[in-house]
Amino acid sequence: MILAAEKDGDEVLDGLYDLHAVYLLPPKEGSAELAPKCYKSFTYNIPAKTRAYLACKTGSKKFMEEVEHLVTLRVSLNMLEGDTGCSDWPAGLLLSEFVLSHPELFFGQKCLEIGAGAGMIGVLLSRLGASKVLLTDGSLATLANMKHNLSINNIPVEGMKEVNDSQQYTNPSTRVECRQLIWETLCDKELHDLESNIILGADLIYDPSYIPHLVRVLASLLSLDHPATISQLERSVYEYPVAYIATAIRNPDTLVFFVEEVKKAGLRMIEVSESMRPAPCLGNIAALNRATILIHKLQAWSD
């Protein structure tokens with residue numbers, strides 16, 4: 001790609017040169033970029049109410065089959081090494097269960113995930129019939145790994161060669177896109193390109209220095225007008241646009257800081273960990289302590 005751009009006299013993004021160097025140079029001692037990776041497969045069951053909903057919406061009896069499903073991801077062997085976006089963080093796993101448990105929120109909707117990491121939620125949103133799935137992350141290395149994971153799970157990504165597997169429930173009409181998003185430098189043009197009905201994110205507030213930038217992005221996205229994409233019924237029942245953020249409780253002070261920034265931004269924030277508790281769809285995962293993970297619903301105050 002770099003050679004083709006240079007040949008045509010086009011300007012090449014610095015990030016492409018950086019990513020190219022990562023794969024060319026041998027890893028230095030303690031290097032995080034080339035931390036060893038492995039493949040993990042997660043089994044999950046679709047709750048009965050979700051299967052019934054999807055069967056009704058699609059007219060397909062295949063959703064009524066009570067079978068075990070599989071998602072395979074390439075992730076870092078050690079979540080404390082390498083790019084954090086290449087790890088299977090607990091909050092992301094719980095948010096995956098949330099998606100599987102509430103298909104009525106996502107079916108036919110434009111969905112955006114901030115800090116999409118390894119891409120598991122993107123796989124599930126596609127299989128559940130979202131109309132568009134936009135997966136974002138700040139790291140080019142994470143985006144490359146994410147696209148790989150979507151590919152091995154037979155999820156077609158815009159700009160990549162399509163794959164097809166009749167054994168999966170991937171909705172052929174779902175458009176999936178992966179895009180780099182730098183919270184600190186988000187401009188108005190990028191903002192409107194990200195317009196979505198549902199915004200998702202997991203384990204986004206581990207670094208307090210990024211929280212103000214994250215909240216600014218959320219506030220901007222939730223304040224966009226959606227005159228043509230959301231019906232009056234959807235506005236009143238599902239309250240689109242809306243964000244659901246899953247957070248593992250590690251440092252209470254960091255969570256308090258996030259809540260304070262959300263209030264300062266004029267957003268409404270409600271904890272829905274209990275009222276919208278997801279079914280335990282994933283198999284037995286020792287590292288997933290659901291009791292230590294919160295799910296918050298964020299919206300702009302309506303006039």
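Mentor: The secondary structure comes to 11 helices and nine strands, where helices (H or I, at least four residues) and strands (E, at least two) are DSSP runs numbered from the N terminus. This is a predicted model, in which local features need pLDDT of at least 70, side-chain atom pairs count only at pLDDT 80 or more, and totals for chains, interfaces and linings use all residues. Residues are numbered from 1 along each chain as its sequence is written, and side-chain values use heavy atoms, with hydrogens and water left out.

Of the 303 residues in the protein, 49% are buried; buried means under 20% relative accessible area, exposed over 50%, and partly exposed in between (1.4 Å probe, protein chains only). Among contacts between residues at least 6 apart in sequence, 75% join residues at least 24 apart, a contact being heavy atoms within 4.5 Å.

The helix to look at is H9, residues 211–222. At 1.5 Å a residue, its 12 residues should span 16 Å, and the end C-alpha atoms are 16 Å apart, which agrees; the expected span is 1.5 Å times one less than the number of residues. The buried residues of H9 are Ile211, Leu214, Val215, Val217, Leu218, Ala219, Leu221 and Leu222. An α-helix has 3.6 residues a turn, so residues three or four places apart point the same way.

Two packed helices are described by the angle between their axes and the distance between the axes. H9 packs with helix H11 (residues 252–264) at an angle of about 40°, the axes being 10 Å apart. That makes H9 oblique to H11. Axes here are lines fitted to C-alpha atoms, for helices over the stretch in contact, and angles run from 0 to 180 degrees between N-to-C directions. Angles under 35 degrees count as roughly parallel, over 145 as roughly antiparallel, 65 to 115 as roughly perpendicular, and the rest as oblique.

The crossing of H9 with H11 is right-handed, that is, the near helix is turned clockwise from the far one by less than a right angle. On the H9 side, Ile211, Pro212, Leu214 and Val215 meet Thr254, Phe257, Phe258, Glu261 and Val262 of H11. The residues of this contact divide into seven nonpolar, one polar and one charged. Ala, Val, Leu, Ile, Met, Phe, Trp, Tyr, Cys and Pro count as nonpolar, Asp, Glu, Lys and Arg as charged, and the others, Gly among them, as polar.
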